[in-house]
2 protein chains.
Amino acid sequence: MAAKGDKGAGDPARGMDLLWGTVGRPSRGPKPSMSVDRITGTAVEIADAEGLAAVSMQRIAAAFGFTTMSLYRYVPGKAELVALMIDTAIGDRPDLGGVPGGWRDRLAEWARRCLRLYVRHPWLLAATGGNRVMGPNELGWLDAALAVLADAGFTPVEQHDAFLLVNGHVRSVAQYTTGADRLRVDEWSADLGERLRRHGDRFPALVAAIEGGGYSQTTDEPLEFGLRCLLDGLDRLLTGRASPG
Amino acid sequence: MAAKGDKGAGDPARGMDLLWGTVGRPSRGPKPSMSVDRITGTAVEIADAEGLAAVSMQRIAAAFGFTTMSLYRYVPGKAELVALMIDTAIGDRPDLGGVPGGWRDRLAEWARRCLRLYVRHPWLLAATGGNRVMGPNELGWLDAALAVLADAGFTPVEQHDAFLLVNGHVRSVAQYTTGADRLRVDEWSADLGERLRRHGDRFPALVAAIEGGGYSQTTDEPLEFGLRCLLDGLDRLLTGRASPG
DNA sequence: ACAAACAGTGTGCGGCATAAACAATTGGCT
DNA sequence: AGCCAATTGTTTATGCCGCACACTGTTTGT
(Lines give C-alpha, C1' and ligand atoms only; values in the text may rest on other atoms or scores of the structure.)
Protein backbone atom coordinates (compact mmCIF):
# COMPACT_ATOMS: atom_id res chain seq x y z
CA MET A 1 0.00 0.00 0.00
CA ALA A 2 1.70 3.14 -1.14
CA ALA A 3 1.05 6.17 1.01
CA LYS A 4 0.01 9.31 -0.81
CA GLY A 5 3.36 10.97 -0.14
CA ASP A 6 5.30 8.07 -1.58
CA LYS A 7 7.89 8.52 -4.27
CA GLY A 8 8.53 5.19 -5.87
CA ALA A 9 10.85 4.63 -8.81
CA GLY A 10 8.02 5.30 -11.20
CA ASP A 11 6.86 8.48 -9.54
CA PRO A 12 7.44 11.42 -11.88
CA ALA A 13 7.99 13.76 -8.93
CA ARG A 14 11.05 11.69 -8.10
CA GLY A 15 12.84 13.45 -10.93
CA MET A 16 13.21 16.57 -8.80
CA ASP A 17 14.60 14.59 -5.89
CA LEU A 18 17.12 12.97 -8.22
CA LEU A 19 18.14 16.36 -9.57
CA TRP A 20 18.68 17.81 -6.12
CA GLY A 21 20.27 14.72 -4.61
CA THR A 22 17.57 14.51 -1.96
CA VAL A 23 16.76 10.87 -2.33
CA GLY A 24 16.28 8.45 0.54
CA ARG A 25 17.91 5.08 0.07
CA PRO A 26 15.84 2.12 1.10
CA SER A 27 17.03 -0.16 3.87
CA ARG A 28 15.41 -3.39 2.85
CA GLY A 29 16.03 -5.23 -0.38
CA PRO A 30 19.06 -6.25 -2.45
CA LYS A 31 21.94 -3.87 -2.91
CA PRO A 32 21.79 -1.96 -6.19
CA SER A 33 24.41 -2.90 -8.78
CA MET A 34 24.33 0.48 -10.45
CA SER A 35 23.68 4.04 -9.38
CA VAL A 36 22.00 7.06 -10.84
CA ASP A 37 25.35 8.81 -11.09
CA ARG A 38 26.98 6.01 -13.05
CA ILE A 39 24.00 5.76 -15.39
CA THR A 40 23.99 9.50 -15.96
CA GLY A 41 27.75 9.49 -16.47
CA THR A 42 27.75 6.88 -19.20
CA ALA A 43 24.77 8.58 -20.82
CA VAL A 44 26.79 11.79 -20.99
CA GLU A 45 29.79 9.91 -22.41
CA ILE A 46 27.64 8.40 -25.14
CA ALA A 47 26.13 11.78 -25.96
CA ASP A 48 29.55 13.43 -26.07
CA ALA A 49 30.90 10.77 -28.41
CA GLU A 50 27.96 10.04 -30.67
CA GLY A 51 25.35 12.71 -30.09
CA LEU A 52 22.12 12.88 -28.17
CA ALA A 53 20.30 10.64 -30.63
CA ALA A 54 22.65 7.78 -29.77
CA VAL A 55 21.54 7.88 -26.15
CA SER A 56 18.86 5.26 -25.75
CA MET A 57 17.87 3.19 -22.76
CA GLN A 58 19.04 0.02 -24.49
CA ARG A 59 22.36 1.61 -25.36
CA ILE A 60 23.05 2.68 -21.80
CA ALA A 61 21.96 -0.63 -20.34
CA ALA A 62 24.13 -2.49 -22.83
CA ALA A 63 27.14 -0.45 -21.69
CA PHE A 64 26.57 -1.89 -18.23
CA GLY A 65 25.70 -5.38 -19.40
CA PHE A 66 22.21 -5.09 -17.94
CA THR A 67 18.78 -5.23 -19.46
CA THR A 68 17.00 -2.14 -20.60
CA MET A 69 14.28 -2.25 -18.00
CA SER A 70 16.72 -2.39 -15.13
CA LEU A 71 17.40 1.31 -15.67
CA TYR A 72 13.84 2.15 -14.71
CA ARG A 73 14.65 1.06 -11.15
CA TYR A 74 16.88 4.12 -10.94
CA VAL A 75 15.29 6.68 -13.24
CA PRO A 76 11.56 7.35 -13.78
CA GLY A 77 11.96 7.82 -17.52
CA LYS A 78 14.11 9.17 -20.28
CA ALA A 79 13.03 12.78 -19.86
CA GLU A 80 14.26 12.75 -16.27
CA LEU A 81 17.49 11.09 -17.35
CA VAL A 82 18.15 13.83 -19.88
CA ALA A 83 17.51 16.41 -17.18
CA LEU A 84 20.11 14.68 -15.05
CA MET A 85 22.51 14.58 -17.98
CA ILE A 86 22.11 18.31 -18.48
CA ASP A 87 22.82 19.22 -14.89
CA THR A 88 25.74 16.80 -14.77
CA ALA A 89 27.32 18.18 -17.92
CA ILE A 90 26.85 21.77 -16.76
CA GLY A 91 28.63 21.06 -13.51
CA ASP A 92 29.40 23.38 -10.63
CA ARG A 93 28.72 27.08 -10.93
CA PRO A 94 31.62 29.15 -12.23
CA ASP A 95 33.70 31.00 -9.65
CA LEU A 96 34.09 34.51 -11.00
CA GLY A 97 35.60 35.92 -7.84
CA GLY A 98 39.16 35.88 -9.11
CA VAL A 99 38.39 37.60 -12.40
CA PRO A 100 40.20 40.95 -12.55
CA GLY A 101 38.43 44.05 -13.80
CA GLY A 102 34.85 45.17 -13.50
CA TRP A 103 31.47 43.63 -14.13
CA ARG A 104 32.07 43.64 -17.88
CA ASP A 105 35.07 41.35 -17.54
CA ARG A 106 33.24 39.05 -15.15
CA LEU A 107 30.20 38.76 -17.39
CA ALA A 108 32.42 38.17 -20.42
CA GLU A 109 34.26 35.45 -18.54
CA TRP A 110 30.92 33.86 -17.65
CA ALA A 111 30.01 33.82 -21.33
CA ARG A 112 33.35 32.30 -22.36
CA ARG A 113 33.08 29.50 -19.84
CA CYS A 114 29.49 28.89 -20.88
CA LEU A 115 30.51 28.60 -24.51
CA ARG A 116 33.25 26.16 -23.52
CA LEU A 117 30.48 24.02 -22.03
CA TYR A 118 28.59 23.91 -25.29
CA VAL A 119 31.76 23.05 -27.17
CA ARG A 120 32.62 20.25 -24.79
CA HIS A 121 29.07 18.87 -24.91
CA PRO A 122 27.59 19.71 -28.30
CA TRP A 123 24.33 17.95 -27.45
CA LEU A 124 23.69 20.45 -24.64
CA LEU A 125 22.32 22.98 -27.10
CA ALA A 126 19.58 20.70 -28.34
CA ALA A 127 18.92 19.23 -24.90
CA THR A 128 18.35 22.67 -23.37
CA GLY A 129 16.28 23.83 -26.30
CA GLY A 130 12.76 23.76 -24.93
CA ASN A 131 11.24 25.13 -21.78
CA ARG A 132 12.08 22.95 -18.85
CA VAL A 133 12.81 22.85 -15.16
CA MET A 134 16.35 23.90 -14.33
CA GLY A 135 18.50 21.78 -12.09
CA PRO A 136 20.63 23.07 -9.21
CA ASN A 137 23.79 23.41 -11.29
CA GLU A 138 22.01 25.32 -14.02
CA LEU A 139 20.48 27.55 -11.38
CA GLY A 140 23.98 28.07 -10.04
CA TRP A 141 25.20 29.37 -13.37
CA LEU A 142 22.15 31.62 -13.56
CA ASP A 143 22.82 32.90 -10.06
CA ALA A 144 26.45 33.63 -10.87
CA ALA A 145 25.45 35.79 -13.82
CA LEU A 146 22.69 37.56 -11.92
CA ALA A 147 25.11 38.31 -9.09
CA VAL A 148 27.45 40.10 -11.48
CA LEU A 149 24.60 42.08 -12.98
CA ALA A 150 23.12 42.99 -9.61
CA ASP A 151 26.52 44.12 -8.40
CA ALA A 152 26.83 46.32 -11.46
CA GLY A 153 23.65 48.13 -10.50
CA PHE A 154 20.98 46.68 -12.74
CA THR A 155 17.42 46.28 -11.53
CA PRO A 156 15.97 42.76 -11.17
CA VAL A 157 14.04 42.98 -14.43
CA GLU A 158 17.12 44.31 -16.20
CA GLN A 159 19.17 41.48 -14.73
CA HIS A 160 16.72 39.02 -16.17
CA ASP A 161 16.64 40.63 -19.59
CA ALA A 162 20.41 41.06 -19.70
CA PHE A 163 20.93 37.42 -18.79
CA LEU A 164 18.56 36.38 -21.56
CA LEU A 165 20.59 38.53 -23.93
CA VAL A 166 24.03 37.21 -22.99
CA ASN A 167 22.88 33.62 -22.74
CA GLY A 168 21.20 33.89 -26.12
CA HIS A 169 24.37 35.18 -27.70
CA VAL A 170 26.43 32.33 -26.30
CA ARG A 171 23.93 29.80 -27.56
CA SER A 172 23.88 31.48 -30.95
CA VAL A 173 27.65 31.32 -31.27
CA ALA A 174 27.62 27.75 -30.02
CA GLN A 175 25.11 26.75 -32.66
CA TYR A 176 27.15 28.45 -35.34
CA THR A 177 30.38 26.75 -34.40
CA THR A 178 29.48 23.29 -33.17
CA GLY A 179 27.99 21.62 -36.19
CA ALA A 180 26.26 18.40 -35.32
CA ASP A 181 25.63 17.07 -38.80
CA ARG A 182 28.49 18.75 -40.60
CA LEU A 183 28.81 15.86 -43.00
CA ARG A 184 25.41 16.25 -44.60
CA VAL A 185 25.88 20.01 -44.68
CA ASP A 186 29.16 19.66 -46.55
CA GLU A 187 27.47 17.23 -48.87
CA TRP A 188 24.98 19.90 -49.84
CA SER A 189 27.11 23.03 -49.55
CA ALA A 190 28.54 22.57 -53.02
CA ASP A 191 25.04 22.38 -54.42
CA LEU A 192 24.08 25.45 -52.38
CA GLY A 193 27.00 27.45 -53.70
CA GLU A 194 26.02 26.53 -57.21
CA ARG A 195 22.47 27.72 -56.65
CA LEU A 196 23.61 30.93 -54.98
CA ARG A 197 25.71 31.71 -58.03
CA ARG A 198 22.75 31.00 -60.28
CA HIS A 199 20.21 32.95 -58.22
CA GLY A 200 22.70 35.63 -57.21
CA ASP A 201 20.28 38.41 -58.06
CA ARG A 202 17.82 37.11 -55.46
CA PHE A 203 20.39 37.46 -52.67
CA PRO A 204 22.57 40.43 -53.57
CA ALA A 205 23.64 41.35 -50.05
CA LEU A 206 24.51 37.75 -49.22
CA VAL A 207 26.59 37.27 -52.35
CA ALA A 208 28.30 40.60 -51.79
CA ALA A 209 29.14 39.71 -48.21
CA ILE A 210 30.55 36.32 -49.17
CA GLU A 211 32.65 37.73 -51.96
CA GLY A 212 33.72 40.69 -49.86
CA GLY A 213 35.32 38.72 -47.07
CA GLY A 214 33.10 35.82 -46.15
CA TYR A 215 32.55 35.03 -42.55
CA SER A 216 34.45 34.40 -39.36
CA GLN A 217 36.40 31.21 -39.20
CA THR A 218 37.33 31.10 -35.53
CA THR A 219 35.01 30.48 -32.61
CA ASP A 220 36.27 33.37 -30.55
CA GLU A 221 35.75 36.15 -33.04
CA PRO A 222 31.92 36.09 -33.23
CA LEU A 223 31.67 35.62 -29.47
CA GLU A 224 33.89 38.56 -28.66
CA PHE A 225 32.26 40.77 -31.26
CA GLY A 226 28.84 40.18 -29.81
CA LEU A 227 30.05 40.52 -26.25
CA ARG A 228 31.59 43.90 -27.02
CA CYS A 229 28.33 45.14 -28.50
CA LEU A 230 26.25 43.73 -25.67
CA LEU A 231 28.41 45.11 -22.91
CA ASP A 232 28.63 48.48 -24.60
CA GLY A 233 24.88 48.63 -24.77
CA LEU A 234 24.44 47.55 -21.17
CA ASP A 235 27.11 50.00 -20.06
CA ARG A 236 25.31 52.83 -21.82
CA LEU A 237 22.22 51.97 -19.80
CA LEU A 238 24.14 52.30 -16.55
CA THR A 239 26.10 55.42 -17.34
CA GLY A 240 23.03 57.11 -18.78
CA ARG A 241 21.31 56.55 -15.45
CA ALA A 242 24.25 57.58 -13.28
CA SER A 243 24.63 60.97 -14.95
CA PRO A 244 21.20 61.96 -16.21
CA GLY A 245 22.40 65.40 -17.23
CA MET B 1 18.57 1.59 -65.41
CA ALA B 2 19.10 4.85 -63.64
CA ALA B 3 21.65 7.15 -65.19
CA LYS B 4 24.23 8.60 -62.85
CA GLY B 5 22.67 12.05 -63.04
CA ASP B 6 19.22 10.77 -62.18
CA LYS B 7 17.23 12.10 -59.27
CA GLY B 8 14.58 9.58 -58.37
CA ALA B 9 12.22 9.93 -55.46
CA GLY B 10 14.70 8.22 -53.18
CA ASP B 11 17.64 10.33 -54.22
CA PRO B 12 18.81 12.45 -51.28
CA ALA B 13 20.00 15.20 -53.62
CA ARG B 14 16.37 15.64 -54.63
CA GLY B 15 15.83 17.45 -51.35
CA MET B 16 17.57 20.52 -52.72
CA ASP B 17 15.49 20.50 -55.88
CA LEU B 18 12.34 20.28 -53.78
CA LEU B 19 13.49 23.19 -51.66
CA TRP B 20 14.19 25.38 -54.66
CA GLY B 21 11.19 24.32 -56.67
CA THR B 22 13.37 23.07 -59.51
CA VAL B 23 11.76 19.71 -59.98
CA GLY B 24 10.87 18.18 -63.30
CA ARG B 25 7.50 16.45 -63.39
CA PRO B 26 7.40 13.15 -65.15
CA SER B 27 5.25 12.73 -68.21
CA ARG B 28 4.55 9.03 -68.02
CA GLY B 29 2.76 7.27 -65.23
CA PRO B 30 -0.43 7.84 -63.24
CA LYS B 31 -1.33 11.37 -62.16
CA PRO B 32 -0.27 12.06 -58.59
CA SER B 33 -3.09 12.39 -56.08
CA MET B 34 -1.10 14.56 -53.73
CA SER B 35 1.63 17.11 -54.09
CA VAL B 36 4.70 18.11 -52.13
CA ASP B 37 3.09 21.43 -51.29
CA ARG B 38 -0.03 19.86 -49.84
CA ILE B 39 2.00 17.37 -47.84
CA THR B 40 4.22 20.10 -46.48
CA GLY B 41 1.21 22.27 -45.73
CA THR B 42 -0.59 19.70 -43.63
CA ALA B 43 2.67 18.84 -41.89
CA VAL B 44 3.02 22.50 -40.89
CA GLU B 45 -0.60 22.56 -39.71
CA ILE B 46 -0.02 19.52 -37.52
CA ALA B 47 3.17 21.01 -36.10
CA ASP B 48 1.46 24.33 -35.39
CA ALA B 49 -1.41 22.62 -33.59
CA GLU B 50 0.31 19.78 -31.76
CA GLY B 51 4.03 20.36 -31.94
CA LEU B 52 6.83 18.94 -34.01
CA ALA B 53 6.74 15.60 -32.22
CA ALA B 54 3.21 15.01 -33.50
CA VAL B 55 4.43 15.20 -37.08
CA SER B 56 4.98 11.64 -38.22
CA MET B 57 4.74 10.08 -41.63
CA GLN B 58 1.78 8.01 -40.53
CA ARG B 59 0.04 11.07 -39.12
CA ILE B 60 0.41 13.05 -42.34
CA ALA B 61 -0.63 10.15 -44.53
CA ALA B 62 -3.66 9.52 -42.33
CA ALA B 63 -4.72 13.15 -42.80
CA PHE B 64 -4.89 12.44 -46.53
CA GLY B 65 -6.39 8.99 -46.18
CA PHE B 66 -3.36 7.42 -47.80
CA THR B 67 -0.85 4.88 -46.61
CA THR B 68 2.35 5.93 -44.93
CA MET B 69 4.64 4.76 -47.69
CA SER B 70 2.85 6.75 -50.34
CA LEU B 71 4.52 9.88 -48.98
CA TYR B 72 7.90 8.56 -50.01
CA ARG B 73 6.86 8.95 -53.64
CA TYR B 74 6.96 12.71 -53.04
CA VAL B 75 9.60 13.24 -50.38
CA PRO B 76 12.93 11.39 -49.97
CA GLY B 77 12.61 11.18 -46.19
CA LYS B 78 11.51 12.94 -43.07
CA ALA B 79 14.59 15.14 -42.79
CA GLU B 80 13.87 16.62 -46.19
CA LEU B 81 10.22 17.08 -45.26
CA VAL B 82 11.18 19.04 -42.16
CA ALA B 83 13.46 21.21 -44.28
CA LEU B 84 10.50 21.92 -46.54
CA MET B 85 8.31 22.68 -43.52
CA ILE B 86 10.86 25.18 -42.26
CA ASP B 87 11.13 27.09 -45.50
CA THR B 88 7.36 27.04 -45.94
CA ALA B 89 6.72 28.37 -42.45
CA ILE B 90 9.36 31.08 -42.83
CA GLY B 91 7.76 32.33 -46.00
CA ASP B 92 8.77 35.22 -48.22
CA ARG B 93 11.54 37.56 -47.16
CA PRO B 94 10.41 40.62 -45.23
CA ASP B 95 10.11 43.85 -47.16
CA LEU B 96 11.82 46.48 -45.05
CA GLY B 97 11.74 49.16 -47.70
CA GLY B 98 8.83 51.01 -46.19
CA VAL B 99 10.20 51.14 -42.66
CA PRO B 100 10.78 54.75 -41.63
CA GLY B 101 13.97 55.75 -39.87
CA GLY B 102 17.53 54.49 -40.18
CA TRP B 103 19.20 51.13 -40.18
CA ARG B 104 18.44 50.70 -36.48
CA ASP B 105 14.72 50.84 -37.09
CA ARG B 106 14.93 48.52 -40.06
CA LEU B 107 17.00 45.94 -38.18
CA ALA B 108 14.65 46.16 -35.20
CA GLU B 109 11.69 45.62 -37.48
CA TRP B 110 13.43 42.58 -38.96
CA ALA B 111 13.84 41.17 -35.46
CA ARG B 112 10.21 41.82 -34.53
CA ARG B 113 8.91 40.10 -37.63
CA CYS B 114 11.29 37.22 -37.02
CA LEU B 115 10.02 36.82 -33.49
CA ARG B 116 6.46 36.83 -34.79
CA LEU B 117 7.46 33.86 -36.94
CA TYR B 118 8.63 31.90 -33.92
CA VAL B 119 5.46 32.77 -32.03
CA ARG B 120 3.26 31.69 -34.90
CA HIS B 121 5.22 28.44 -35.36
CA PRO B 122 6.65 27.44 -31.98
CA TRP B 123 8.22 24.30 -33.45
CA LEU B 124 10.45 26.43 -35.68
CA LEU B 125 12.88 26.99 -32.83
CA ALA B 126 13.57 23.31 -32.33
CA ALA B 127 13.46 22.55 -36.05
CA THR B 128 16.12 25.15 -36.83
CA GLY B 129 18.25 24.12 -33.87
CA GLY B 130 21.09 22.21 -35.49
CA ASN B 131 23.35 23.07 -38.38
CA ARG B 132 21.60 22.54 -41.64
CA VAL B 133 21.23 23.71 -45.20
CA MET B 134 19.13 26.84 -45.49
CA GLY B 135 16.32 27.02 -47.99
CA PRO B 136 15.64 29.92 -50.34
CA ASN B 137 13.19 31.66 -48.00
CA GLU B 138 15.54 31.44 -45.06
CA LEU B 139 18.32 32.79 -47.26
CA GLY B 140 15.97 35.62 -48.19
CA TRP B 141 15.54 36.62 -44.55
CA LEU B 142 19.29 36.45 -44.10
CA ASP B 143 19.82 38.59 -47.18
CA ALA B 144 17.33 41.18 -45.95
CA ALA B 145 19.20 41.58 -42.67
CA LEU B 146 22.62 41.67 -44.35
CA ALA B 147 21.37 44.33 -46.75
CA VAL B 148 20.42 46.59 -43.84
CA LEU B 149 23.77 46.04 -42.16
CA ALA B 150 25.74 46.57 -45.35
CA ASP B 151 23.84 49.77 -46.03
CA ALA B 152 24.71 50.96 -42.53
CA GLY B 153 28.38 50.63 -43.30
CA PHE B 154 29.45 47.39 -41.65
CA THR B 155 32.11 45.19 -43.18
CA PRO B 156 31.14 41.72 -44.44
CA VAL B 157 32.55 39.99 -41.36
CA GLU B 158 30.78 42.49 -39.11
CA GLN B 159 27.56 41.90 -41.01
CA HIS B 160 27.89 38.21 -40.34
CA ASP B 161 28.66 38.63 -36.66
CA ALA B 162 25.94 41.23 -36.17
CA PHE B 163 23.39 38.98 -37.83
CA LEU B 164 24.41 36.13 -35.55
CA LEU B 165 23.94 38.47 -32.61
CA VAL B 166 20.49 39.77 -33.55
CA ASN B 167 19.24 36.38 -34.67
CA GLY B 168 20.47 34.81 -31.46
CA HIS B 169 18.64 37.37 -29.40
CA VAL B 170 15.39 36.78 -31.24
CA ARG B 171 15.74 33.05 -30.74
CA SER B 172 16.52 33.54 -27.09
CA VAL B 173 13.42 35.64 -26.52
CA ALA B 174 11.37 33.18 -28.53
CA GLN B 175 12.54 30.31 -26.39
CA TYR B 176 11.74 32.26 -23.26
CA THR B 177 8.23 33.13 -24.30
CA THR B 178 6.94 30.22 -26.34
CA GLY B 179 6.83 27.40 -23.88
CA ALA B 180 6.26 24.08 -25.57
CA ASP B 181 5.73 21.90 -22.51
CA ARG B 182 4.40 24.54 -20.19
CA LEU B 183 2.19 22.00 -18.45
CA ARG B 184 4.99 19.88 -17.09
CA VAL B 185 6.92 22.99 -16.14
CA ASP B 186 4.00 24.32 -14.16
CA GLU B 187 3.66 20.95 -12.54
CA TRP B 188 7.17 21.24 -11.21
CA SER B 189 7.44 24.97 -10.65
CA ALA B 190 5.75 24.76 -7.27
CA ASP B 191 8.29 22.16 -6.19
CA LEU B 192 11.07 24.36 -7.58
CA GLY B 193 9.89 27.38 -5.64
CA GLU B 194 9.84 25.31 -2.49
CA ARG B 195 13.41 24.18 -3.05
CA LEU B 196 14.57 27.69 -3.90
CA ARG B 197 13.18 28.89 -0.59
CA ARG B 198 14.90 26.04 1.23
CA HIS B 199 18.26 26.43 -0.54
CA GLY B 200 18.01 30.19 -0.74
CA ASP B 201 21.54 30.65 0.51
CA ARG B 202 22.87 28.74 -2.49
CA PHE B 203 21.26 31.19 -4.93
CA PRO B 204 21.27 34.57 -3.24
CA ALA B 205 21.25 36.70 -6.37
CA LEU B 206 18.46 34.66 -7.90
CA VAL B 207 16.27 34.87 -4.80
CA ALA B 208 16.99 38.57 -4.48
CA ALA B 209 16.06 39.18 -8.10
CA ILE B 210 12.81 37.25 -7.82
CA GLU B 211 11.79 38.99 -4.62
CA GLY B 212 12.92 42.35 -5.94
CA GLY B 213 10.68 42.44 -8.97
CA GLY B 214 10.72 39.08 -10.66
CA TYR B 215 10.94 38.92 -14.40
CA SER B 216 9.30 40.34 -17.48
CA GLN B 217 5.81 39.12 -18.21
CA THR B 218 5.31 40.40 -21.73
CA THR B 219 7.00 39.17 -24.88
CA ASP B 220 7.92 42.61 -26.12
CA GLU B 221 9.83 43.85 -23.12
CA PRO B 222 12.80 41.43 -23.24
CA LEU B 223 13.00 41.77 -27.02
CA GLU B 224 13.08 45.54 -26.99
CA PHE B 225 15.52 45.66 -24.09
CA GLY B 226 17.98 43.43 -25.90
CA LEU B 227 17.50 45.23 -29.18
CA ARG B 228 18.27 48.56 -27.56
CA CYS B 229 21.49 47.19 -26.09
CA LEU B 230 22.50 45.50 -29.32
CA LEU B 231 21.83 48.46 -31.54
CA ASP B 232 23.58 50.79 -29.12
CA GLY B 233 26.63 48.57 -29.22
CA LEU B 234 26.57 48.30 -33.00
CA ASP B 235 26.05 52.02 -33.31
CA ARG B 236 29.06 52.70 -31.13
CA LEU B 237 31.14 50.61 -33.50
CA LEU B 238 30.08 52.76 -36.45
CA THR B 239 30.37 56.15 -34.83
CA GLY B 240 33.72 55.24 -33.31
CA ARG B 241 34.99 54.48 -36.79
CA ALA B 242 33.46 57.55 -38.44
CA SER B 243 35.12 59.98 -36.03
CA PRO B 244 38.33 58.36 -34.85
CA GLY B 245 39.43 61.49 -33.05
C1' DA C 1 10.90 -17.49 10.63
C1' DC C 2 8.40 -14.57 7.98
C1' DA C 3 6.83 -10.93 5.21
C1' DA C 4 7.72 -6.48 3.22
C1' DA C 5 10.53 -4.05 0.16
C1' DC C 6 13.46 -4.04 -3.40
C1' DA C 7 16.67 -5.57 -7.85
C1' DG C 8 16.89 -7.33 -12.16
C1' DT C 9 14.66 -10.21 -16.10
C1' DG C 10 11.45 -11.56 -19.85
C1' DT C 11 7.84 -10.61 -22.60
C1' DG C 12 5.16 -7.73 -25.20
C1' DC C 13 2.73 -3.46 -26.93
C1' DG C 14 2.33 0.53 -29.76
C1' DG C 15 4.75 3.83 -32.45
C1' DC C 16 8.44 5.32 -35.34
C1' DA C 17 11.18 5.63 -40.14
C1' DT C 18 11.86 3.18 -44.06
C1' DA C 19 13.32 -0.79 -47.30
C1' DA C 20 11.54 -4.09 -50.93
C1' DA C 21 8.39 -6.30 -53.86
C1' DC C 22 4.06 -5.74 -56.08
C1' DA C 23 -0.22 -4.31 -58.91
C1' DA C 24 -2.33 -0.69 -61.30
C1' DT C 25 -2.16 3.23 -64.26
C1' DT C 26 -0.58 6.37 -67.75
C1' DG C 27 1.84 8.35 -71.82
C1' DG C 28 5.43 8.25 -75.59
C1' DC C 29 6.89 5.74 -79.35
C1' DT C 30 6.62 2.57 -83.00
C1' DA D 1 -3.55 0.66 -82.13
C1' DG D 2 -0.56 -1.43 -79.23
C1' DC D 3 3.39 -2.12 -76.47
C1' DC D 4 6.73 -0.85 -73.09
C1' DA D 5 8.68 1.92 -69.73
C1' DA D 6 7.97 5.07 -66.20
C1' DT D 7 5.33 6.28 -62.24
C1' DT D 8 1.88 5.79 -58.41
C1' DG D 9 0.05 3.73 -54.40
C1' DT D 10 -0.24 -0.57 -51.54
C1' DT D 11 1.41 -4.46 -49.02
C1' DT D 12 4.57 -6.56 -46.19
C1' DA D 13 8.42 -6.68 -43.24
C1' DT D 14 12.61 -5.01 -40.52
C1' DG D 15 14.68 -2.88 -36.77
C1' DC D 16 14.69 0.68 -33.75
C1' DC D 17 12.51 3.26 -29.71
C1' DG D 18 10.26 4.12 -24.75
C1' DC D 19 7.93 1.73 -21.56
C1' DA D 20 4.08 -1.25 -18.97
C1' DC D 21 3.58 -5.53 -16.49
C1' DA D 22 4.25 -9.80 -14.36
C1' DC D 23 7.72 -12.64 -12.49
C1' DT D 24 11.92 -14.50 -9.85
C1' DG D 25 15.21 -13.93 -6.55
C1' DT D 26 17.55 -11.26 -2.78
C1' DT D 27 17.98 -8.58 1.37
C1' DT D 28 16.45 -6.88 5.82
C1' DG D 29 13.40 -5.31 9.67
C1' DT D 30 10.32 -7.42 12.95
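**The A–B interface and a pocket beside it**

Chain A and chain B bury about 6,200 Å² between them, 65% of it on carbon and sulfur atoms. Buried area is the accessible area (1.4 Å probe) that two parts lose on being put together, summed over both. This is a predicted model: local features need pLDDT of at least 70, side-chain atom pairs count only at pLDDT 80 or more, and totals for chains, interfaces and linings use all residues. Side-chain values use heavy atoms, without hydrogens and water.

Chain A brings 75 residues to the contact and chain B brings 73 residues; contact means heavy atoms within 4.5 Å. Between the chains there are 4 salt bridges. A salt bridge puts a side-chain nitrogen of Lys or Arg within 4 Å of a carboxyl oxygen of Asp or Glu. Asp17(A) and Arg195(B) form one, at 2.7 Å, N to O. On the side of chain A that touches chain B, the elements giving two or more residues include α1 (14-20) and α11 (220-242) of chain A. The largest share, 16 residues, is from α8(A). Helices (H or I) are DSSP runs of at least four residues, numbered from the N terminus.

Now the second largest pocket. Its volume is about 1,500 Å³, the space filled by probe spheres set on grid points joined across faces, edges and corners. A pocket is an open set of points on a 1 Å grid over the protein atoms alone, where a 1.4 Å probe fits, with protein on both sides within 12 Å along at least five of seven lines; lining residues have an atom within 4 Å of a point. Of its 47 lining residues, those closest to the centre include Tyr176(A) and His160(B). α9(A) gives the most to this lining, with 8 residues.

Technical notes
Residues are numbered from 1 along each chain as its sequence is written. Chains are lettered from A and ligands numbered from 1 in the order in which they are written.
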